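Colleague: I have a chain open on my screen and would like to talk it through with you. Could you take me along it, starting with the order of its elements?

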Amino acid sequence: TNTTILLVSHDQNFLGAVATDIIHFADQKLTNYSGGYAAFREAMPDAALGGFRAFQLAQEAARAAAEEEGSSGQVVDDGELVFNFPNPGPLDGVSSRSKPVMRMDELSFAYPGSDDLVLKKVTVRLTQLSRIAIVGANGAGKTTLLR
């Protein structure tokens, strides 16, 4: 589909099915890998395995919660959680799907009271055609970037 998704996930299968590009966030640097998660895993095998155990634990907890409470996805017979994303439709004021809908230029960020930068000179452009996953070690700043 022609919808932009910017996500953070430890689920390698989910990333492989959804992302067309991977942005690896390490040492306050963003490195883009085209070709989806499989290309990233081939280029950076050690980084790709870093969050796998944390993902397994989170997936087990998510399955239990989904079965107990219901969720935005559904648990199918083999225990796999399946998500369905609705088409959000066109954005007001955006005439082209290749036109940037989000842009950051040389963004730097430190938490209040700290001199240590979590993000340093980050530049990102997203279009409606983008499928981007942000990967990196826990604490690297992936979620902070999205905020």
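Colleague: In what order do the elements of the protein chain run from the N terminus on?

Modeller: This is a predicted model, and in it the elements of the protein chain run β-α-β-β-α-α-α-β-β-β-β-β-α from the N terminus on. Counted by type, there are five helices and eight strands in the protein chain.

Colleague: Since it's predicted, where is confidence lowest, and where is it highest?

Modeller: The lowest confidence in the protein chain falls in strand β4, residues 73-75, with a mean of 52, while strand β6, residues 100-110, has the highest, at 87. For the protein chain the mean pLDDT is 75, and 69% of its residues reach 70 or more.

Colleague: OK, on to the inside. How much of the chain counts as buried?

Modeller: Of the 147 residues of the protein chain, 27% count as buried. The accessible surface of the chain comes to about 9600 Å², and carbon and sulfur atoms account for 50% of that surface.

Colleague: Which residues are in the largest nonpolar core?

Modeller: The largest nonpolar core has 11 residues, namely Ile23, Phe25, Met104, Val118, Leu119, Val122, Val124, Leu126, Ile132, Ile134 and Leu145. The elements that give two or more residues to this core are β2 (21-26), β7 (117-127) and β8 (131-135), and of these β7 gives the most, with five residues.

Colleague: And what does Leu145 touch?

Modeller: Leaving aside residues up to four places away in sequence, Leu145 touches Met104, Leu107, Leu119, Val122 and Ile134. There is also a second, separate core of nine residues, and among them are Leu15, Ala19, Phe40 and Ala133.

Colleague: What share of the contacts between residues at least 6 apart in sequence joins residues at least 24 apart?

Modeller: In the protein chain that share is 51%.

Colleague: Switching to rings, how many aromatic pairs are found in the whole structure?

Modeller: A search of the whole structure finds three aromatic pairs.

Colleague: Why is the pair of Phe109 and Tyr111 edge-to-face?

Modeller: The planes of the Phe109 and Tyr111 rings stand at 80 degrees, with the centres 5.0 Å apart, so the pair is edge-to-face, because planes over 60 degrees apart count that way. Phe109 counts as partly exposed, at 31% relative accessibility, and Tyr111 counts as partly exposed as well, at 38%.

Colleague: Which residues do ring pairs link into a cluster?

Modeller: Ring pairs link Tyr33, Tyr37 and Phe40 into a cluster. In helix α2, residues 36-43, Tyr37 and Phe40 are buried, and Gly36 is buried too.

Colleague: Where do those buried residues fall when you look down the axis of α2?

Modeller: Seen down the axis of α2, its buried residues fall within an arc of 125 degrees, so they line one face of the helix.

Colleague: Last one, Pro90: is it buried or exposed?

Modeller: Pro90 is exposed, because its relative accessible area is 72% and over 50% counts as exposed. Pro90 is found in the loop between β5 (81-83) and β6. The C-alpha atoms of Pro90 and Gln128 are separated by 9.1 Å, although the two residues are 38 residues apart along the chain.

Technical notes. Residues are numbered from 1 along each chain as its sequence is written. This is a predicted model: local features need pLDDT of at least 70, side-chain atom pairs count only at pLDDT 80 or more; totals for chains, interfaces and linings use all residues. Side-chain values use heavy atoms; hydrogens and water are left out. pLDDT is the predictor's confidence in each residue, from 0 to 100. Helices (H or I, at least four residues) and strands (E, at least two) are DSSP runs, numbered from the N terminus. A nonpolar core is a set of buried Ala, Val, Leu, Ile, Met, Phe, Trp, Tyr and Cys residues joined through side-chain atoms within 4.5 Å. Buried means under 20% relative accessible area, exposed over 50%, partly exposed in between (1.4 Å probe, protein chains only). Contact means heavy atoms within 4.5 Å. Accessible areas come from the Shrake-Rupley method with a 1.4 Å probe; for residues, only the protein chains shown count as cover. Rings of Phe, Tyr and Trp (its six-membered ring) pair if their centres lie within 6.5 Å; planes under 30 degrees apart count as stacked, over 60 as edge-to-face and the rest as tilted. The arc is that of the directions from the helix axis to the C-beta atoms.
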